[in-house]
Structures are given as C-alpha cells and as structure tokens.
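Reader: I have a model open and want to know what stands behind the words used for it. Please take me through the terms one by one.

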Number of protein chains: 2
Amino acid sequence: MSEPRETKASPAMADTDIAIVRIAPETSFKNKAYEALKEAILKMDIYATPEPVMLDERALSERLGVSRTPIREAIAMLEQDGFVKTVPRRGIVVVRRTKAEIVDMIRAWAALESMAARLITTTARKKDISALRDFFKDFNNDRLPQDHIEEYSRANIAFHQALISLSESPVLVDLTNDLLLHVRGYRQLTIGRKDRTATSLPEHLAIIEALEARDTELAEKRARDHTLGLAAYVEAHGQELFT
Amino acid sequence: MSEPRETKASPAMADTDIAIVRIAPETSFKNKAYEALKEAILKMDIYATPEPVMLDERALSERLGVSRTPIREAIAMLEQDGFVKTVPRRGIVVVRRTKAEIVDMIRAWAALESMAARLITTTARKKDISALRDFFKDFNNDRLPQDHIEEYSRANIAFHQALISLSESPVLVDLTNDLLLHVRGYRQLTIGRKDRTATSLPEHLAIIEALEARDTELAEKRARDHTLGLAAYVEAHGQELFT
DNA sequence: TGAAGATTTTTGGCATACCAAATACCACGA
DNA sequence: TCGTGGTATTTGGTATGCCAAAAATCTTCA
C-alpha cells in the first residue's frame, strides 16, 4: 500500500521536500454541518416571528444528506456558542437574545475594542492605521452615510473588525467576532438608524487620529466611548424590536 | 399511559401552580461527560510533560461507562471551548497554550475586568463593594500573602471573580471565567511567585477604594493596570514554563 | 357534545456496527 | 543487519436502530 508521495524514498531527496501540503484534510461532515447551520441561523431573522424557531435533527440530516450523528455533534457545538439550546424531548430552539443581553454584549465588545486600540498605539504601523480610512472613502459630504445605510453598515462592521485585527491579538479578534455574530442579526435593524449613523463616521475618524498620534489613553477612551454609545443607543431605542 | 402530574386536571387549579420545578431534567450523559472531561483536563498539569496529552474516545467511553456517542459530543463541545483539538485519524490532543497566547488572554481579561470596574462604580451597592475586602481578611503584616502563596492564590482568584460578578453583566462574567480556566493551569505556577504577590494585595485594595469612591475612570484604570501588570510579568518571567 | 383516557407519532438520547485513513508491527529477502 | 512491503491494529467519522419521554391524535363513554 505504497503512497504516491514520492517515486523514490532515497535519503538523497530528504530535504528536496516538494511542496506537499499534507493533502486535503477534507473537513468532516460534522464541521460542514456546523458551518452550514451557523450560516443558516445567522442569515435568518430570528426576531421576525413571535414563536420560537425550532430545528429538527432528522429533517436537517435529510436536508444536508448526512446522518444524524454529525448533525448532533454540530448542534452540540452551536450550543456551546450560545446560538441554540436543545431541550430534552422537546426540540432544539434557536436562542433569541433579549435587549438587555444585546446591550451587555455590546459593552463587552467596547471593552475588547478599547483594549485593541490601546495595543495598536504601541505596536501597529502608521501605514496600517491610516489604511483604516479606506473603509469610508466612498462617503463624504456629497454622499452621506445616512443615505446609504446598508452599504455604510457593512463598511462599519468591516472597519471594526479591521481595527481589532490591527491589535495582533488573536484572543481579542476571536472574542469580538463571536460577540459580533450575536449582535449582528439585531444590528442591521438598529445601526442603520439615520440618527446614529450621522455621528458614527466622525467618531471613527477621531479614533483613527488618536491611533495615529499614538495617544494610548485617548485612543482607548474614544474607542470605548464610541461603542458604549451604541450600547446606550440600543438600550434607549431598541425597545420595540424585542416582542 | 397517564402521567401522575396531578390527580385531577380540573381547570380550577390551573393557576394554583404548585412549585413544580420541571422535575429533574436529569442532565444527559453528554453533559455529564463534558463536565467530567473538562474537570479532568483542568486538573491535570498539561505543561508538565513534553509530549502532547492525548485522549482516546473508546478508553473514555469505557471509563465513564457510556458509549462513544455522548463522549464524542462532549469532545465536540470541548473543542469549541478550545481545550482540545481533534486531528482526523490521529487522535484528540489536549491543547497547550504558548506563552504568547496566555499573555494575550490575560490582556483580554484586563479589558473585561476594567469594564466591569467601570460598571460597578455606577451600579453596585457600597456594601457589596466593601465586602470585597473580606477575601483578604486573613492576610496582614503579620501574615503576609507571600508566605501563604497557595491560599492567597485562591483568595486572589475568588476576588477577581467576585469583582466581575458585581458588574451584574452575565457576558463579562462568562467571558472572564472562560479565560480564567485557560490561564489557570499556568497561573498556579506564576501568580504564586513571591515577587509579584507582594504588590498584588495593595493593588487590590486600591481598586476597591476607587470603586467605593465611585471614581469611574480611576477604578477602570487601576483594574486594567493591575491585570496588565500580570500580563507583563508573565511575558517577562514565564519563559521557562513553556518547554 | 365533550372530555378523560388510551394510542400513535414525534423527538432527542444513546448504543452499536462498520468504514477508511493512519499507524504499528512483522516477516521476508538482499 | 537493514529495510522493504505487506498485514494487523488503532482511531476518528458516520450510519443505523432502538429507547423513552412528551406531544399529538384518536377513542370511547357519560
């Protein structure tokens, strides 16, 4: 059962090491199911209907063409993420967050992002910091964010993720991404509001300026206050969205 | 197949609702296995041996007296937590963190704790804040922390967890607990160091004072700097612990 | 007609069997 | 003795089947 890795196994070619990339790990059905279900959950509007959204193992296994086993493992993973909650003998329900929980998550996000800003002032390159402006290059006084809310919202998220990434901290990046996934479904309904969008862009630019100035305390404060502002906004105006 | 819920199902007792606590959900084998494995992993000293620690599904299922199915689901959950990593056709390995990762986690912890401190200054009761001193009531000039490192280390962790809890923020609490679990195994080897322990207690007291004074900015800064100090310490002195 | 009660169906939990890849092991031959 | 090739074993991945609890549906009788 010789593997066609090399034609010959002579020691002479020990370090010629042709670019063998460990073949393809062929992600398992479990992981495929996890990704598929996660995407599906994030895509649907959980807050649209009053009745809870349920998932059915057998239906999903048939739908994805695999057995229940990998489906169940994927669901166990999603439950760890806090996206679903399985109730024994009852069903699997997609978790709906309350307004208080969303606000709480945004606060944690603010904490992580302000730390990212702090780190950036001491390690990031000037060039990379300045590049953050590019996310908003399509917006100006002639093309206001509040007139292209959908587009601005995407730029907004991309900006925040790029900002965190500049911290070079995998933990901050991962934790923030997780939080953003939860806030997101709700986000599209709130961030888009014109009244807040108007103040968003100037605040972003102010953050970038503080970062460029290497003003650690100021950058941290501006990043924190900006996101805490969103939390306060949601807390004050997000009432109607939660049943 | 009548269930002995009530002797009679007359509408008259519809809202008498005797404290029925949903019976016992009898935590599933999956969850039992998850808890058991998690505890086992946290208890062992992963950094002791040079070779990676492996887990065997079949051995575990036999050990815990259940089939592989719930074991595999538990492992899928642990993998989400970042405690283990399963390599197809190779095995399940308990993840070992590098020094850089531990430092990174401590920084994130600092971010979350400083936000907790911020929130506490605006919402917590004076009484609850002052109660934080109790964790250190067994230490004083006649009984120095550095002479009872093991005991002080426990008090230290308890203090930090109590602090975060005072924020009344479930997200901050959960995220911090997760981070602490990862840092912990390493922590017993570093926090215990005498040189740092000596400065730890005064800093804790300073944090409490700022909280009592309702000085938001100061409390936040002290909480952040205290934990960032730990991060810096680990970064500087934790070399030898990672192979 | 209506509701208690029995029956069927649905749903998640768990055990088991088999597969294929990766590895370990072993015998044979130069 | 060394190593080459093949076979047995190990290990995670997946499919299936059955169980019991809970819900839905049907039955029956006052």
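**Contacts with the DNA and a helix pair**

Author: A phosphate oxygen of DNA strand D is 2.6 Å from an N or O atom in the side chain of Arg72(B). This is a predicted model, so local features need pLDDT of at least 70, side-chain atom pairs count only at pLDDT 80 or more, and totals for chains, interfaces and linings use all residues. Residues are numbered from 1 along each chain as its sequence is written, chains are lettered from A and ligands numbered from 1 in the order in which they are written, and side-chain values use heavy atoms, without hydrogens and water.

Reader: What makes the pair of Arg72(B) and the phosphate oxygen of DNA strand D a polar contact?

Author: A polar contact is a pair of N or O atoms within 3.5 Å; within protein, one must be able to donate a hydrogen and the other to accept it, and residues adjacent in sequence count only if both atoms are side-chain atoms. Here the distance is 2.6 Å, so the pair counts.

Reader: Which base atom of DNA strand D does the side chain of Arg58(B) contact?

Author: A base nitrogen, 2.5 Å from a side-chain N or O atom of Arg58(B).

Reader: How do you know that Arg58(B) is near DNA strand D?

Author: A residue is near a strand or molecule if one of its heavy atoms lies within 4 Å of it. 22 residues surround DNA strand D, and Arg58(B) is among the closest.

Reader: What makes up the surface near DNA strand D by class?

Author: Six nonpolar, five polar and 11 charged residues. Ala, Val, Leu, Ile, Met, Phe, Trp, Tyr, Cys and Pro count as nonpolar, Asp, Glu, Lys and Arg as charged, and the others, Gly among them, as polar.

Reader: Why are H4(B) and H9(B) called roughly antiparallel?

Author: The axes of H4 (residues 99-123) and H9 (residues 216-237) of chain B come within 8 Å and cross at roughly 165 degrees. Angles over 145 degrees count as roughly antiparallel, under 35 as roughly parallel, 65 to 115 as roughly perpendicular and the rest as oblique. Therefore H4(B) is roughly antiparallel to H9(B).

Reader: Which residue classes meet in the contact of H4(B) with H9(B)?

Author: 12 nonpolar, five polar and eight charged residues.

Notes: Axes are lines fitted to C-alpha atoms, for helices over the stretch in contact, and angles run from 0 to 180 degrees between N-to-C directions. Helices (H or I, at least four residues) and strands (E, at least two) are DSSP runs, numbered from the N terminus.
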